[in-house]
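Here is a short tour of a protein model, written for someone who is new to reading structures. Keep the picture open while you read.

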Amino acid sequence: MKATVNPWTTSSVTLALAGMIIAGIGLYFIALRPPLLPEDVRYMDLSVAELEAIGPRLAMWLTQVFRVLGGYALATGVLLVALALTAFRARHPVAVAGALIGGASSIGLMSVVNFTIGSDFRWPLFACALVWAVGLIAYGLESSRTTDDK
C-alpha cells in the first residue's frame, strides 16, 4: 500500500532548499573552512604574540572541531531534504514538529550565535534561516487553505 503524497507545494520545495543550503554549509565546514577566520581572531581579541603561541595547536584542534560540526550540518541538511520530500509533503503533523525543532536548533541557533559574536557571515546565515522559516510559514498557510476548503 503506497502512502498518499501531496503534489509539490511551496512549503516542501522551500524546506528542501533550506536542507540543501544547510548541507552546503556542512560541506564548507568539512572541506573549505580555515581553522581561524579574521573574525575569530577579532572576537578572541588575541595579540600577535598570543596567536603565534597558541595558533598552531588551536588550528589543529579547530580543524577537527569544524569537521565534526560540518558532518552534523551535512547530516541535518540531508535529513531535512528527506523530510521535505516525504512526511512534510504528505502533511504528517510530526514532520512539522521535526522541521521546526531541527531548523531552530541548527540554522536558527547558528544564525543567533553569529549575530551575538558579530560574525561577518551573520546576514548570509540569517538569510538561510529565513528560507527555512518561509518553508514553515508556507506550510501553515497551505494548511489553513486546506482547512478552509473543507
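## Before you start

What you're looking at is a predicted model, where local features need pLDDT of at least 70, side-chain atom pairs count only at pLDDT 80 or more, and totals for chains, interfaces and linings use all residues. Residues are numbered from 1 along each chain as its sequence is written, and side-chain values use heavy atoms, with hydrogens and water left out.

## The nonpolar core

Let's begin with the core. A nonpolar core here is a set of buried Ala, Val, Leu, Ile, Met, Phe, Trp, Tyr and Cys residues joined through side-chain atoms within 4.5 Å. "Buried" is about relative accessible area: under 20% is buried, over 50% is exposed, and anything in between is partly exposed (1.4 Å probe, protein chains only). The largest nonpolar core in this model has 25 residues, and L15, I25, F88 and I107 have the most contacts inside it. At least two residues of this core come from each of α1 (10-31), α3 (48-85), α4 (93-116) and α5 (122-149). Those helix names follow DSSP runs numbered from the N terminus (helices are H or I with at least four residues, strands are E with at least two).

Which residues does I25 touch, leaving aside its neighbours within four places in sequence? The list is I107, M110, L125 and C128. Contact, by the way, means heavy atoms within 4.5 Å.

## α1 and α3

Now for the helix pairs. Axes are lines fitted to C-alpha atoms, for helices over the stretch in contact, and angles run from 0 to 180 degrees between N-to-C directions. The axes of α1 and α3 come within 7 Å and cross at roughly 165°. That makes α1 roughly antiparallel to α3. The cut-offs work like this: under 35 degrees is roughly parallel, over 145 is roughly antiparallel, 65 to 115 is roughly perpendicular, and the rest is oblique.

The crossing of α1 and α3 is also left-handed, a label used if the near helix is turned anticlockwise from the far one by less than a right angle, with right-handed used if clockwise. Sorted by class, the contact of α1 with α3 has 18 nonpolar, 7 polar and 1 charged residues. For these classes, Ala, Val, Leu, Ile, Met, Phe, Trp, Tyr, Cys and Pro count as nonpolar, Asp, Glu, Lys and Arg as charged, and the others, Gly among them, as polar.

## α3 and α4

How do α3 and α4 pack, and at what angle? The angle is about 155°, and their axes are 11 Å apart. So α3 is roughly antiparallel to α4, and their crossing is left-handed.

On the α3 side, T76, L80 and L83 meet A95, G98, A99 and S106 in α4. By class, this contact has 4 nonpolar, 3 polar and no charged residues.

## α1 and α4

The axes of α1 and α4 come within 12 Å and cross at roughly 40°, so these two helices are oblique to each other. Here, too, α1 passes α4 in a left-handed crossing. L15, I22, I25 and F29 of α1 make the contact with A99, S106, I107 and M110 of α4. Its class count is 7 nonpolar, 1 polar and no charged residues.

Is S106 buried or exposed? At 18% relative accessibility, S106 counts as buried. This residue sits in helix α4, and once its neighbours within four places in sequence are set aside, S106 is in contact with I22 and T76.

## Two loop residues

Take a look at the loops next. D45 is in the loop between α2 (38-44) and α3. D45 has a positive phi of about 50° although it is not a glycine, and D45 is exposed, with a relative accessible area of 65%.

R91 lies in the loop between α3 and α4. R91 isn't a glycine either, yet it has a positive phi of about 65°.

A82 belongs to helix α3 and is partly exposed, at 37% relative accessible area. Its C-alpha atom is separated by 15 Å from that of L100, 18 residues apart along the chain.

L141 is found in helix α5, and at 46% relative accessibility L141 counts as partly exposed. The C-alpha atoms of L141 and I101 are separated by 19 Å, and these residues are 40 residues apart along the chain.
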